[in-house]
Amino acid sequence: MVLHGNELRDKVLEKYSAKVYRNRKQHVLSIDPEASNEITANVRTIPGIITQRGCCYAGCKGVVLGPMSDNAIIVHGPIGCSFYTWGTRRHKQVETDRHGEHADCYVEYCFSTDMQEPNIVFGGEKKLKKAIEECMAIYKPKMLSICSTCPVGLIGDDIHAIAKWAREEYPGLMCIAFSCEGYKGVTQSAGHHIASNQIIRFIVGTGDHKPQKKFSVNILGEYNIGGDGWEIERILNRCGIEVVSAMTGTSCYRDMKNAHLADLNLVQCHRSINYVADMMKDKYGMDWIKVNFIGVNATKKSIRAIGAYFNDPELSARIEEVIADEENTIADEMEYYKSKLKGKTAAIYVGGSRSHHYQLLLQDLGMSTVLAGYEFAHRDDYEGRRVIPDIKVDADSKNIENLKIEADENLYNPDRITPEHRAELEANEDIDLNDYQGMYPDMEEGSIIADDLNHFETEEFLKALKPDVFFSGIKDKFVVQKAGMLSRQIHSYDYQGPYTCFQGAARFGHDLVMGLYVPAWSFIKAPWKNQATLVGKLGGEV
């Protein structure tokens, strides 16, 4: 008998103990339009379960801070933590010049204090100071970040005092400390929050270079994986829209200082950067809209929403010209890929907003999603921001600081658009003004939602649902490939991309067709399936 929806969920989870079953049942559900579909998220993983989550440090240093080109990041901790976040995200960066100011690129470097046992016992502050002195002597960065890992938090090194010392010792240097020890919070989401707090506290609002074009935006939550951010900027530039800063994929300290001078914030990854969007709204009166540049129709909707916000006929006309030209360029390719992919199914499990975004690109190609989930989402990423007032914050999340933001006396400007136009935008269902509807509305009835999907559940759901492809993160793709199923890694794309906007959609279709029609993984058989690999005797035999 083929099971579906919550019946399938119950069948998969029944192998757990009663306590674990009750816990996981709150994290896994089937979309039911007649039910509340309330899900449990952003809580501690049950000890012993093989989760795919990362730590607070990974979210802060690896995700948010790592892509900044001119930010020399010193990891205060053991060398393994530095290596873990060194280049694994494939956020592409280069040196740039803007406003007559050069921004170096330190992304290819790995800076660490390489703490050893004596440093743990006697403290590592002297070693951290020495590392800063060496970095300043060799590279002379304009921004230097200190990211602490678990041992530093446990022994109590005062990295914030060291950062203050560095700012005084080296005039013109912006040195910021991030207390992002891995044990804080329950996922890398805590690190996103910590990084966002310091970005608002120390960086945004300190520059004075005004945008050069009539319409300007910041792109928040775009990390230029495989060049995604460059493709988005290309499209926006064609439309006549200036990108002041991209947090943090194609950006740098030089540009992020001026983010408050843009007209509008565009939020791509809601989970990792919504904190910055909300705080800039409170401090500078800057609106934000939820966008998605993954997929042809999603990209069209996003840039049209930008045009609607600015309410300029010439801009809207230019946007339509760009859409027509870009669509015409890829029309034949997309039609071919759709003919090869129509009717196929997919499962998606990654972090950020990608599990939502890629469903829309799959729809462009005629595919449907049977299972989707997030590694580190909160309830609002699934159900929409309307549930935020009802979310209960547990003890694990209370140790992450929530900044109390007040309106800037000189820079706060809530009147960027008229009250009448604001009312029109808020009534427009195609525009998410200062809001996000979550992943649910774009999922079909009966689809499985799984928060913090673990190793066991991944195998069981894939056996039952039999999707044609599993879109995964870095760690969980291997078990899927060994099971003979195609797995495309959309956390950092391995060696592919960019996949954003129009040309990215065609490139994604090409790569997916190539994978499905060259089914190499299906020919792999585990050696123990052909012959016994364990030899032994039953107890008591002579």
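Reply: A residue is buried under 20% relative accessible area, exposed over 50% and partly exposed in between, with a 1.4 Å probe and protein chains only. Glu457 has a relative accessible area of 0%, so this residue is buried. Arg24, at 2%, is buried as well. Keep in mind that this is a predicted model, where local features need pLDDT of at least 70 and side-chain atom pairs count only at pLDDT 80 or more, while totals for chains, interfaces and linings use all residues. Residues are numbered from 1 along each chain as its sequence is written, and side-chain values use heavy atoms, leaving out hydrogens and water.

Me: What does Glu457 form with Arg24?

Reply: A salt bridge, that is, a side-chain nitrogen of Lys or Arg within 4 Å of a carboxyl oxygen of Asp or Glu. Here the closest N and O atoms are 2.8 Å apart. The pair links distant parts of the chain, 433 residues apart: Glu457 is in helix 19 (residues 455-465) and Arg24 in helix 2 (residues 18-25). Helices here are DSSP runs of H or I with at least four residues, strands are runs of E with at least two, and both are numbered from the N terminus.

Me: Why is helix 15 described as largely enclosed by the rest of the structure?

Reply: Because ten of the eleven residues of helix 15 (residues 354-364) are buried. Among them are Arg354, His356, Tyr358 and Asp364. Gly366, with a positive phi near 80°, follows helix 15.

Me: Which residues form the nonpolar patch on the surface?

Reply: Patch members have over 30% relative accessible area and no salt bridge; nonpolar side chains (Val, Leu, Ile, Met, Phe, Trp, Tyr) are joined within 5 Å, and like charges within 9 Å. Areas come from the Shrake-Rupley method with a 1.4 Å probe, and for residues only the protein chains shown count as cover. In this model the nonpolar patch consists of Ile120, Val121, Phe122, Leu154, Ile155 and Tyr183, with about 640 Å² of accessible area together. Helix 5 (117-122) and helix 7 (150-155) are the elements that give two or more residues to the patch, and helix 5 gives the most, with three. Tyr183 is partly exposed because its relative accessibility is 40%.
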